[in-house]
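The exercises below ask you to work through a set of geometric features, each followed by a solution that goes step by step. Please keep the sequence and the coordinates open while reading.

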Amino acid sequence: MTTNGGSQPVFCTIVPPHVLDRLARNEDPALSGPARRSLEHDAYQRTKRRLTTVLGAAIAAPPAGAAADKPHRTVYDAGHTQDLPGTKVREEGSEPGSDATVNRAYAGLGATFELYLKVYGRHSIDDGGMPLDATVHFGENYDNAFWNGEQMVFGDGDNEIFLDFTIPVDVIGHELTHGVTQHTANLEYYGQSGALNESVSDVFGSLIKQYTLGQTAAEADWLIGAGLLAPRVTGTALRSMKAPGTAYDDDVLGKDPQPAKMEDYVRTGRDNGGVHINSGIPNHAFYLAATALGGYAWEKAGQIWYDVLTGGELKDDALFADFATLTVKAARERYGAGDELQAVQKAWEQVGVRTL
């Protein structure tokens, strides 16, 4: 279901532009070269995405006779080119092959499908059984992964700063959740609504990892992209929902710029108004609500966030306060005036976002 005037897919990457910009200025060509090529790839794909938005995206229909409660996955190999989708290397039901990247992509698509179906009753990204396609080995040492409105794409990384982008399952879940947002609230990709778009993907990306590992909120690491950074990098992940601003502090990457509270909101014209930076604020609110409630985060906190995303009341240009207010309303409607409502209200209060 699309709630706000039609699906408007955007080009969404897991690595923020400000990270690649910094790498591209490095004196070491082993670092700057892949980053520059990645930025060029991203610019091309972003332009292509805008054209597709105008002309209409070619969203594939599920195959005839396909079961609505089963995924329909296809993984392609770009062979280090930028040609999409590439050569088909694995399809639904086929056995794992020798390429670990292909196998991880296939498994990550399945893990995402499973959480949305079994926890929230959602049938794939569009709730209509949409096939899940992914391309691996995109570009030469491509330092990113993205959702382009139609499929997932993974780079292999440069092995200096970033490793293979299929390694963290939350990266796969994050990018596919951009597709869920595209087909539901359709949040504009700029400013606070763009930061909410990014945060929703981090929230459900983290929940997909927790669900796959069977972790409670207390057991989870609440990191986005753990295992993605190469050994030379001083850091643990791309982002931390538990402690925004602490994911990395590296002489090459710099320091994680994410704020945890509204008083530290970053005003910038870059990265669509800082969508990957200011997402730390709603990310932290979710972490606080989920850990206050305890147990499995996808059951209560995740359900409340999903209710808001799919409920039809969230405007595409929503501010943090709008989203927060709807989570309070959703908590009250689903659970009454109990612990769930109090946890959500307190979480937003702690990060400095007012609810109406």
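**Exercise 1: Backbone angles and a loop**

Asn272 is partly exposed, because its relative accessible area is 34% (buried is under 20%, exposed over 50%, and partly exposed in between, with a 1.4 Å probe and protein chains only). The model is a predicted one, in which local features need pLDDT of at least 70 and side-chain atom pairs count only at pLDDT 80 or more, whereas totals for chains, interfaces and linings use all residues. Residues are numbered from 1 along each chain as its sequence is written, and side-chain values use heavy atoms, with hydrogens and water left out.

Task: state where Asn272 lies, and describe its phi.

Solution. Begin with the location: Asn272 belongs to helix α6 (residues 271-278), where helices (H or I, at least four residues) and strands (E, at least two) are DSSP runs numbered from the N terminus. Then turn to the backbone, where Asn272 has a positive phi of about 55 degrees although it is not a glycine.

Task: find where Trp222 lies, and say whether Trp222 is buried or exposed.

Solution. Trp222 is found in the loop between α5 and β7 (223-224), and Trp222 too has a positive phi, of about 60 degrees, without being a glycine. With a relative accessible area of 1%, Trp222 is buried.

Task: identify the residues joined by a cis peptide bond.

Solution. The cis bond joins Leu84 and Pro85, with omega about 5 degrees, and Pro85 lies in the loop between β2 (73-77) and β3 (87-91).

**Exercise 2: The nonpolar cores**

Task: give the number of residues in the largest nonpolar core, and name those with the most contacts inside it.

Solution. The largest nonpolar core has 89 residues, and Phe162 and Phe204 have the most contacts inside it; such a core is a set of buried Ala, Val, Leu, Ile, Met, Phe, Trp, Tyr and Cys residues joined through side-chain atoms within 4.5 Å. Helix α3 (residues 100-120) supplies the largest share of this core, ten residues. Apart from this core lies another, of six residues, including Phe11, Ala78, Phe138 and Tyr142.

Task: list contacts of Phe162 beyond its neighbours within four places in sequence.

Solution. With those neighbours left aside, Phe162 is in contact with residues that include Val15, Val19, Asp143, Asp156, Leu228 and Leu238, contact meaning heavy atoms within 4.5 Å.

**Exercise 3: Aromatic pairs**

Task: determine how many aromatic pairs the structure holds, and classify the pair of Phe162 and Phe165.

Solution. The structure holds 19 aromatic pairs, for which rings of Phe, Tyr and Trp (its six-membered ring) must have their centres within 6.5 Å, planes under 30 degrees apart counting as stacked, over 60 as edge-to-face and the rest as tilted. The ring centres of Phe162 and Phe165 are 5.7 Å apart and their planes stand at 40 degrees, so this pair is tilted. Both Phe162 and Phe165 are buried.

For Phe204 and Tyr306, the centres are 6.4 Å apart and the planes at 75 degrees, so that pair is edge-to-face. Because Phe204 lies in helix α5 (residues 191-213) and Tyr306 in helix α8 (residues 301-310), the pair ties together parts that are 102 residues apart in sequence. Phe204 and Tyr306 are each buried.

Task: say where Tyr116 is placed, and which residues Tyr116 is in contact with, neighbours within four places left aside.

Solution. Tyr116 has its place in helix α3 and, at 2% relative accessibility, counts as buried.

Task: locate Ser240, and work out whether Ser240 is buried or exposed.

Solution. Ser240 lies in strand β8 (residues 239-240) and, with a relative accessible area of 4%, is buried. Not counting residues up to four places away in sequence, Ser240 touches Trp222, Leu223, Thr246, Ala247 and Gln258. The C-alpha atoms of Ser240 and Gly312, which are 72 residues apart along the chain, are separated by 29 Å.
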